[in-house]
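Hello,

Here is the structure we talked about handing over. Please open it first, then read the notes below with it on your screen.

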Amino acid sequence: MRVLVQRVTSGRVVVDGDVVGEIAPEGQGLVALVGITHTDDADVAARMAEKLWRLRILDGERSAADVAAPVLVVSQFTLYADTAKGRRPSWNAAAPGVVAEPLVDAMCDALRGFGADVQTGIFGADMKVELVNDGPVTVLLELS
């Protein structure tokens with residue numbers, strides 16, 4: 001699992017002209033673009049949720065847990081693009097939707113279990129993601 005997290009002052013997802021998920025925090029929040037690979041499972045999703053929730057990238061080296069910052073989670077299979085050869089990315093490392101969707105949901109559920117205000121996009125939809133990156137701060141999370 002890979003999560004590209006951005007510290008934001010606002011973020012939203014639009015599908016077919018409708019806002020389906022939005023955070024406009026008083027202060028800061030997080031937009032988390034989530035990619036799932038074939039070896040991921042529910043345990044990985046739970047561990048990644050905790051890592052994201054406790055990551056100290058907000059002002060004053062605080063975490064979302066410290067200030068109850070909202071989180072906008074967006075599925076992003078392209079985080080597993082392989083661009084080593086040629087000009088066309090390969091998506092072979094990305095898990096298929098039937099595997100990935102429940103794991104993105106599991107990560108969201110784990111975040112909610114920590115007390116997070118979680119908004120989401122729509123899995124598999126053509127989403128327009130809008131955000132105001134604060135800093136800018138962008139970090140790629142992976143588990144070791």
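**Thr37 and its surroundings**

Start with Thr37. Leaving aside residues up to four places away in sequence, Thr37 touches Met1, Tyr80, Ala93 and Ala95. You will find Thr37 in the loop between S3 and helix H1 (42-54). Is Thr37 buried or exposed? Its relative accessibility is 13%. The cut-off for buried is under 20%, so Thr37 counts as buried.

One caution before you go on: this is a predicted model.

**The whole chain**

Now zoom out. The protein chain has 3 helices and 6 strands. From the N terminus, the elements run β-β-β-α-α-β-α-β-β. The radius of gyration is 15 Å, close to the 15 Å that the globule rule gives for 144 residues, so the chain is as compact as a globular protein of that length. Along the principal axes, the C-alpha atoms fill a box of roughly 40 × 35 × 25 Å. Of the 144 residues, 41% are buried.

Look at the contacts too. Take those between residues at least 6 apart in sequence. Of these, 74% join residues at least 24 apart.

**Strand S3**

Next, go to strand S3, residues 29-35. How many of its residues are buried? The count is 7 of the 7, so S3 is largely enclosed by the rest of the structure. Both of its faces are covered. On one side, Gly29, Val31, Leu33 and Gly35 are buried.

Which strands pair with S3? Strand S1 (residues 2-15) does, in the antiparallel sense, over 7 bridges. To see this pairing, find Val31 in S3, with Gln6 opposite. Strand S4 (residues 71-75) also pairs with S3. These two run parallel and are joined by 5 bridges. Here, look for Ala32, whose bridge partner in S4 is Val73.

**The largest pocket**

Which element gives the most? H3 does, with 3 residues. By class, the lining has 13 nonpolar and 6 polar residues. There are no charged residues in it.

**Backbone points to check**

Most residues other than glycine have a negative phi, and most peptide bonds are trans. The spots below depart from that.

- Asp16 has a positive phi, near 50 degrees. Asp16 sits in the loop between S1 and strand S2 (18-23). With a relative accessible area of 75%, Asp16 is exposed.
- Glu61 has a positive phi as well, near 55 degrees. Its place is the loop between H1 and helix H2 (64-67). At 61% relative accessibility, Glu61 counts as exposed.
- The peptide bond from Gly135 to Pro136 is cis, with omega near 0 degrees. Pro136 lies in strand S6 (residues 128-142).

Over to you. Begin at Thr37, then follow the headings in order.

Best wishes

Notes:
Residues are numbered from 1 along each chain as its sequence is written. This is a predicted model: local features need pLDDT of at least 70, side-chain atom pairs count only at pLDDT 80 or more; totals for chains, interfaces and linings use all residues. Side-chain values use heavy atoms; hydrogens and water are left out. Buried means under 20% relative accessible area, exposed over 50%, partly exposed in between (1.4 Å probe, protein chains only). Helices (H or I, at least four residues) and strands (E, at least two) are DSSP runs, numbered from the N terminus. Two strands pair if DSSP finds at least two bridges between them. Ala, Val, Leu, Ile, Met, Phe, Trp, Tyr, Cys and Pro count as nonpolar, Asp, Glu, Lys and Arg as charged, and the others, Gly among them, as polar. The radius of gyration is taken over C-alpha atoms; the globule rule is 2.2 Å times the number of residues to the power 0.38. Contact means heavy atoms within 4.5 Å.
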